[in-house]
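Morning, everyone. Please have the sequence and the model open while I talk.

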Amino acid sequence: MTDYQSLKSGTDIRGDALGEKAVLTNEVALCIGGAFITWLSERTGKHPGALTVAIGRDSRLTGPALLAACAEGMARTGAQVWDYGMCTTPAMYMSLLTEGFKADASIMVTASHHPYYRNGLKFFLPEGGVSATDISMILSIAASTAPVDCPHPAVQKRDFLPVYRQQLMDRMRRGLDTDVACPLLGLHVVVDAGNGAGGFYEEMLREMGAWTEGSQFLEPDGHFPNHIPNPENEQAMAAISQAVVRVGADLGVIFDADCDRAAIVDAAGREINRNRLIALISAILLDKEPGATIVTDSVTSSGLAQFITEWGGVHYRYKRGYRNVIDEAVRLNAAGIDCPLAIETSGHAALRENHFLDDGMYLVTVLIVEAMRLKQEGKELSSLLDGLREPVESVELRLNITAPDFREAGRTVIERVMDHASYETDWHIAPDNREGVRINFDLDDGLQNGWFLLRLSVHDPVLPLNVESDVPGGVRTMLSKLLSVLDGIEDIDISPIRAYLSKN
């Protein structure tokens, strides 16, 4: 019997969909489709027969079958279902706001950057993504309600991706203040779609006049045979970097499988992801909106905070999780605080001008506009990163929690570290500590030139530990101090700290 609640992953549904351990089967997707309509009917007050839902998928092997099953489950309730086929996650949301395509909700079949054998479902309403509580309710309905089997409307195939593509092209022309057919003439951009759903972006750039020689892995292939479609993956970033250098391009862009995340590399093949990506888009926005607040997740560097301040902005660290940073940015704007951007180091970036939708292609489009403008001035896009102080050393360790109640055990550890910091004069609790415990250190007679952040994972029984130092040997110093506090605590595996210290 399927444990439906085990499929919950934050605000998404995810699980193995291929192989002997498959839990997200076609039958399960059928039940979830019907359950979603039941939930949506209760939420909107509309009869199922009056509802319309759009559904799309990325390139995963199980995508076509899961889409068909979920669509069938929805159609059996009497709802009208539009099948958009191959699409991107941001496009599935934008369809709800686009004339002629305004359904009551939409679903994206994707597992983002996860391995090929996994898949999942993302749900959208016109006001945004559904909450974690909503996901639990949908799964509860799916577990307790058998799908109906009666005459129903046929699923209707429609094509929204060309409309979304045109929206991106319109944004480029607005950004460059031109209506010429080929505004990107003279710009050389390499696109790496990772065999996901984003290969059409290369064709769009060519239509806009860009030179795209060197672009790679554009064809959808659910095996992801060339590299993991993940802008944080070392192999993926190396692949796009090498391609850019090989053909002498101005920049390269890379997407994850469903294109809600992205990263770029500059002409020298230097990766611009994580803190660099945040700094780059922040500089572009702050140049137009000085004084604005930039919301990021909690693991961003002290150098990034300094960079944003020097560009005239306010750096606002918040909790990990792209929905967390987006929701906080929306809240700040509602409170009268000018906040044009919510962005995670993972590459999830949501701009106010784009409905606070985390859209990797929209982000890249804004960056390409700026790259074109700067090239016309004889400059490179990466010149905006001048002055970004980057750490000399950095490491992320993951401390597994073995206690049955891992959340309570994790909170106990964080409280112990917080208590220790309260009486140690060289441990400074960060004033913007909003998740876990972030401690600043004064290393080698400097001032707050090192830090660590210990927090509880959003989903897993793990305490991620991020450590950065602006001086050589600083990470070792801070980990040694932390080890003395954690040593002897049961149910927490601190061997990753010992392993790091033994090698460094």
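Ground rules first. This is a predicted model, where local features need pLDDT of at least 70 and side-chain atom pairs count only at pLDDT 80 or more, while totals for chains, interfaces and linings use all residues. Residues are numbered from 1 along each chain as its sequence is written, and side-chain values use heavy atoms, with hydrogens and water left out. Helices (H or I, at least four residues) and strands (E, at least two) are DSSP runs, numbered from the N terminus.

Start with the four-strand sheet. It is open, with the order β9-β10-β11-β12 and mixed pairing. Two strands pair if DSSP finds at least two bridges between them. β9 (189-192) and β12 (271-272) are the edge strands, each with a single partner, so one side of each has no neighbour in the sheet. β11, residues 262-266, pairs with β12 in the antiparallel sense over two bridges. There, Val265 stands opposite Glu271 of β12.

Next, the sheet of five strands. Its order is β14-β13-β15-β16-β17, again open, and the pairing is mixed. β14 (314-317) and β17 (357-358) sit at the edges with a single partner strand each, so one side of each is left without a neighbour in the sheet. Helix α9, residues 302-310, packs on this sheet and touches β13 (293-296) and β14. Its direction makes about 145 degrees with that of β14. Contact means heavy atoms within 4.5 Å. Ala350 stands opposite Asp358 in β17.

Now the helix pair. How do α8 and α11 cross? The axes of α8 (residues 274-288) and α11 (residues 360-376) come within 11 Å and cross at roughly 65 degrees. Axes are lines fitted to C-alpha atoms, for helices over the stretch in contact, and angles run from 0 to 180 degrees between N-to-C directions. From α8, the contact uses Leu277, Leu280, Ile281, Ile284 and Lys288; from α11, Leu363, Val366, Leu367 and Glu370. That is seven nonpolar residues, no polar and two charged. Ala, Val, Leu, Ile, Met, Phe, Trp, Tyr, Cys and Pro count as nonpolar, Asp, Glu, Lys and Arg as charged, and the others, Gly among them, as polar.

Last, the voids. On a 1 Å grid over the protein atoms alone, a cavity is a set of points where a 1.4 Å probe fits but cannot get out; a pocket is an open set with protein on both sides within 12 Å along at least five of seven lines; lining residues have an atom within 4 Å of a point. Grid points are joined across faces, edges and corners, and a volume is the space filled by probe spheres set on the points.

The largest cavity is about 40 Å³. Its lining includes Arg317, Tyr318 and Glu435. By class, the lining has two nonpolar, two polar and five charged residues.

The second largest pocket is about 340 Å³. Of its 13 lining residues, Lys319, Arg407, Glu435, Leu456 and Ser457 are closest to its centre. Helix α12 (residues 406-423) gives the largest share, four residues.
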